[in-house]
Amino acid sequence: MGTTASPATTTTPSSFLSSPSFPLRASKSSHLRSTRRLPVNVRCVSSPPAAETAYTTKVSRNANISKLQAGYLFPEIARRRAAHLLKHPDAKIISLGIGDTTEPIPEVITNAMAERAHALSTVDGYSGYGAEQGEKKLRAAIAATYYADLGIEETDIFVSDGAKCDISRLQVLFGSNVTVAVQDPSYPAYVDSSVIMGQTDLYQQDVQKYGNIEYMRCSPENGFFPDLSRVARTDIIFFCSPNNPTGAAASREQLTQLVKFAKDNGSIIVYDSAYAMYISDDSPKSIFEIPGAKEVALETASFSKYAGFTGVRLGWTVVPKELLFSDGHPVAKDFNRIVCTSFNGASTISQAGGLGCLSPGGLKAMQEVVGFYKENTKIIVDTFTELGFNVYGAKNAPYVWVHFPGRNSWDVFAEILEKANVVTTPGSGFGPGGEGFVRVSAFGHRENIIEAARRLKQLYKRALIQPMSSLTGEPIIK
């Protein structure tokens, strides 16, 4: 690069100046004139950049966020899946991990959404903000379809963008000073939202639990229903039936015990019924089937796993007028205030889909979708049963809870991913009570379920000839 250098700014070694590529202009006496500037070629060498100091604000981080352990379970699974694909780019991965639906939404439902969407392009059909609590017609349809003869009215129902979102809104409603109990294992959103709200103490690594949360152990030994005589009193009790991840549905007798326990302790039950439509026996589909429940419970639900609305987003929460805080103030009134402050209502198109779901044709179509996933569940159950594993859940839920005695759940997850290219969910991600288990989801195309079953049989066929454990009665998998 040709340029003119100033001695004050550029130092050029004399060896460079005497080379043929650096012609020097001299006086007649062949002496350099010290005042003359010399045209030279300068080699530009980048200097190391000055260390940058990131600007920080004066706002402290929410200390409760820092309590959370690693990432939320399902993004962590997605990260490990992506890492596996980087390592094995040709792998044909089958995902039976996150409970995401795979089958198309029935046309009777999408037609209702399409009609509403098209109407928005007309003067007569356009609508802007709707009621935060949901459209009156949809609230009435939910009450009539799922809560007939249970004393639940349309005004008790708050339509939302899904049960998971409502769980966080309910946490805001209850605040940071309440105490919480959860099933162990349970859907991680209950615990994580409690941590974020500041309801817990620090994570205790030795027992893999957060302080100040009551973990209600649910295991094969107790029929996946907690021994309430050993459960400490808390303000809020999160309870999911059919349970995610174990797939166990509480019986009428068990839920009667739970309602009595809550009433004796003055607690509120947050009852998650997201999988109620999968129940095929006489287990209650709603907590409000239990006498007295309206005084101690509210219920969240969703269209996600019935109609394939995981992306459409539509659910609801029932807050009975009979449910009161300790000062006699209606819980529903405060929840309405939270909803109106933080939410502008579910999409009008989604709500049209909800009405399509609850039409006679929509209900029939949803039953067919649920039936399809239950057939997938049977294939998975039969596979692991044939391999000699103890398998739980499945009958009333789209999840199969498989026991790998003596094994670390994440190790089993990694083994199945590495050797079979199948994604599952490690049981310990749902709480310490899930250690030694994996959850296998039945959400998948039929051909993928069949192929996953073939791979699992190939991976674990040695279980058929392994010695059985004298303690567990299950095959010893090494």
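Q: In which sense do β5 and strand β8 pair, and over how many bridges?

A: Strands of a sheet pair through backbone hydrogen bonds, either parallel or antiparallel. In this predicted model, where local features need pLDDT of at least 70, side-chain atom pairs count only at pLDDT 80 or more, and totals for chains, interfaces and linings use all residues, β5 and β8 (residues 213-217) pair in the parallel sense over five bridges. Two strands pair if DSSP finds at least two bridges between them. Residues are numbered from 1 along each chain as its sequence is written, and side-chain values use heavy atoms, with hydrogens and water left out. Within β8, Glu 214 is the bridge partner of Ala 181. Strand β9 (residues 236-240) also pairs with β5 in the parallel sense, over three bridges, and there Ile 236 is the bridge partner of Val 180.

Q: Why is strand β5 described as largely enclosed by the rest of the structure?

A: Buried means under 20% relative accessible area, exposed over 50%, and partly exposed in between (1.4 Å probe, protein chains only). Five of the five residues of β5 (residues 180-184) are buried, so the strand is largely enclosed by the rest of the structure. Val 180, Val 182 and Asp 184 point one way, Ala 181 and Gln 183 point the other way, and all are buried.

Q: What order and pairing does the open sheet of four strands have?

A: The order is β13-β14-β17-β16, and the pairing is antiparallel. Its edge strands are β13 (391-393) and β16 (425-426), each of which pairs on one side only. Three antiparallel bridges link β13 with β14 (residues 399-403); the partner of Val 391 in β14 is Val 402.

Q: How is the packing of helix α3 with helix α10 to be read, and at what angle do the axes cross?

A: Two packed helices are described by the angle between their axes and the distance between the axes. Axes are lines fitted to C-alpha atoms, for helices over the stretch in contact, and angles run from 0 to 180 degrees between N-to-C directions. The axes of α3 (residues 107-119) and α10 (residues 348-357) come within 8 Å and cross at roughly 145 degrees. By class, their contact (heavy atoms within 4.5 Å) has eight nonpolar, three polar and one charged residues. Ala, Val, Leu, Ile, Met, Phe, Trp, Tyr, Cys and Pro count as nonpolar, Asp, Glu, Lys and Arg as charged, and the others, Gly among them, as polar. Among the residues that meet are Ile 109, Met 113 and Arg 116 in α3 and Ala 352, Leu 355 and Cys 357 in α10.

Q: At what angle do helix α5 and helix α6 pack?

A: Helix α5 (residues 163-174) and helix α6 (residues 188-197) pack at about 35 degrees, with their axes 10 Å apart. From α5, Ile 167, Ser 168, Gln 171 and Val 172 meet Ala 189, Tyr 190, Ser 193, Ser 194 and Met 197 of α6. This contact divides into five nonpolar, four polar and no charged residues.

Q: Is Ser 350 buried or exposed?

A: Ser 350, which lies in helix α10, has 5% relative accessibility and therefore counts as buried. Leaving aside residues up to four places away in sequence, Ser 350 touches Phe 309, Val 312, Arg 313 and Leu 314.

Q: How many helices and strands does the protein chain have?

A: Helices (H or I, at least four residues) and strands (E, at least two) are DSSP runs, numbered from the N terminus. The protein chain has 13 helices and 17 strands, and 48% of its 478 residues count as buried.
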